[in-house]
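Q: Could you walk me through this one, starting with the overall make-up and then going into the packing?

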Amino acid sequence: MAAAVRVYISIGSNVDRERYVRAALDALSAWFGELIISPVYDSEAVGFDGSPFLNLVVGVDTSLSVAELSKRFKQLEADNGRRRDVPKFSARTLDLDILTYGSAVGRIDGVELPRGEILKNAFVLRPLADIAPEAKHPVCGKTYGQLWREYDTGQKLWPVGFSWQGRQISHAAG
């Protein structure tokens with residue numbers, strides 16, 4: 001059996017958001033056990049006019065391959081009503097992306113690692129920096145905490161109150 005590797009996964013939803021984020025957390029918990037969960041953020045849709053998203057990042061330790069993770073995540077999205085017959089930038093019930101797979105770099109099983117969105121989108125970088133501030137981006141070598149401190153694109157995020165399985169994951173700003 002392969003050694004476990006730390007994987008960071010982004011979760012987003014802008015349709016019945018709380019329901020689908022909770023469904024994703026339930027499935028990930030069933031598959032991987034203990035989850036490292038970032039605060040949950042409200043963010044504007046990027047790339048299209050649409051309802052705001054809820055976004056967060058989850059860390060898991062797994063011995064599953066990138067291909068197996070990708071297959072499971074696509075099935076979980078489909079099971080939760082994600083449609084693939086619509087434009088890429090459109091509303092979605094559930095979006096799960098592998099951000100990093102250990103320190104892997106390159107195209108692995110059809111997945112580009114680390115995911116480019118880490119350096120581009122606040123709704124990915126901020127929650128990743130929240131749960132892994134000292135972890136280093138495998139290409140640029142900077143920590144996610146440092147990358148977030150240097151980040152400046154004008155994308156806005158708002159922490160929101162969110163609970164899951166009786167546990168308060170995050171609190172609204174205020």
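**Fold and packing**

A: The protein has five helices and 10 strands, and please keep in mind that this is a predicted model.

Q: How much of the protein is buried?
A: Of its 174 residues, 47% count as buried, while the protein exposes about 8800 Å², of which carbon and sulfur atoms supply 49%.

Q: And what share of the contacts is between residues 24 or more positions apart?
A: Taking the contacts with a separation of 6 or more, 64% are between residues 24 or more positions apart.

Q: Which residues have the most contacts inside the largest nonpolar core?
A: Those are Ile11, Leu25, Leu28, Leu35 and Val58, in a core of 33 residues. Elements giving two or more residues to this core include strand E1 (5-13), helix H1 (17-32), strand E4 (53-62) and helix H2 (66-79), and H1 gives the most, with seven residues.

Q: What does leucine 25 touch?
A: Leaving aside residues up to four places away in sequence, leucine 25 touches Ile11, Leu35, Ile37, Leu56, Val58, Phe162 and Trp164. There is also a second, separate core of 17 residues, with Val124, Ala129, Tyr151 and Leu157 among them.

Q: Switching topic, is serine 170 buried or exposed?
A: Serine 170, which lies in strand E10 (residues 167-170), is buried, because its relative accessible area is 2% and the cut-off for buried is under 20%.

Q: What does its side chain reach?
A: The side chain of serine 170 reaches the backbone oxygen of valine 160 at 2.5 Å. Not counting residues up to four places away in sequence, serine 170 touches Pro39, Val40, Val160, Gly161 and Phe162.

Definitions and conventions
Residues numbered from 1 in each chain as written. Predicted model: local features only at pLDDT ≥ 70, side-chain atom pairs only at ≥ 80, totals over all residues. Heavy atoms only, no water. Core = buried A, V, L, I, M, F, W, Y, C linked by side-chain atoms within 4.5 Å. Buried < 20%, exposed > 50% of the residue type's maximum accessible area, 1.4 Å probe, protein only. Helix = DSSP H or I, 4+ residues; strand = E, 2+ residues; numbered from the N terminus. Contact = heavy atoms within 4.5 Å. Polar contact = N/O pair within 3.5 Å; in protein donor to acceptor, adjacent residues only side chain to side chain. Areas by Shrake-Rupley, 256 points an atom, 1.4 Å probe, with all protein chains shown as cover.
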